[in-house]
Amino acid sequence: MDISTRETSLTVGEAAERVGLTTYTLRWYEQEGLVGRVGRDSSGRRRYTESDVNWLFLLTRLRRTGMPVRDMRRYAELARHGDSTLGARRALFEAHRARVLARMAELEEDLKVLEYKIDAYRRAEEESG
């Protein structure tokens, strides 16, 4: 698909920088089927649209929150099948949200331990100093 006349687009490097990925990772996302078919310019180079970049932002958020690549791949596959998969996509996100919330609760408990130790060391330093 030649997108040279359609809309402003970004090179691989520009798109990667915009979403905080390396070009290697961006190409890997494509190879893994996480990114749909990317348009090409008249010279055959990849050109990413605003829609592509928004999709990449979502993928990076899913990955950053710990979604396994297999679930991201499943989500991408469901999204490509359109509105008939809305329920399945919602269920996938609900399950992921539950995992994120559980991890956040674990991190809050871990943070309490760190705060306790920091306070204990601060008090010990004050008493010894």
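Visitor: Where is histidine 96 found?

Guide: Histidine 96 sits in helix α5, residues 86-128. Helices here are DSSP runs of H or I with at least four residues, numbered from the N terminus. This is a predicted model, where local features need pLDDT of at least 70, side-chain atom pairs count only at pLDDT 80 or more, and totals for chains, interfaces and linings use all residues. Residues are numbered from 1 along each chain as its sequence is written, and side-chain values use heavy atoms, with hydrogens and water left out.

Visitor: Is histidine 96 buried or exposed?

Guide: Histidine 96 is buried, with a relative accessible area of 6%. Buried means under 20% relative accessible area, exposed means over 50%, and partly exposed is in between (1.4 Å probe, protein chains only).

Visitor: And what does histidine 96 touch?

Guide: Not counting residues up to four places away in sequence, histidine 96 touches Leu62, Thr65, Gly66 and Met67. Contact means heavy atoms within 4.5 Å.

Visitor: OK, switching to α3 and α4. At what angle do they pack?

Guide: About 150°, with the axes of α3 (residues 50-64) and α4 (residues 69-80) 10 Å apart. That makes α3 roughly antiparallel to α4. Angles over 145 degrees count as roughly antiparallel, under 35 as roughly parallel, 65 to 115 as roughly perpendicular, and the rest as oblique. The axes are lines fitted to C-alpha atoms, for helices over the stretch in contact, and angles run from 0 to 180 degrees between N-to-C directions.

Visitor: Which residues meet there?

Guide: From α3, Trp55, Leu58, Leu59, Leu62 and Arg63 meet Val69, Met72, Tyr75, Ala76 and Ala79 of α4. The residues of this contact divide into 9 nonpolar, no polar and 1 charged. Ala, Val, Leu, Ile, Met, Phe, Trp, Tyr, Cys and Pro count as nonpolar, Asp, Glu, Lys and Arg as charged, and the others, Gly among them, as polar.

Visitor: How far is tryptophan 55 from alanine 76?

Guide: Their C-alpha atoms are separated by 9.5 Å, and the two are 21 residues apart along the chain. Leaving aside neighbours within four places in sequence, tryptophan 55 also contacts Leu34 and Val35, among others.

Visitor: New topic: threonine 23. What's it in contact with?

Guide: Val12, Gly13 and Ala16, leaving aside neighbours within four places in sequence. Threonine 23 lies in helix α2 and counts as partly exposed at 33% relative accessibility. C-alpha to C-alpha, threonine 23 and valine 12 are 6.3 Å apart.

Note on methods:
Helix = DSSP H or I, 4+ residues; strand = E, 2+ residues; numbered from the N terminus.
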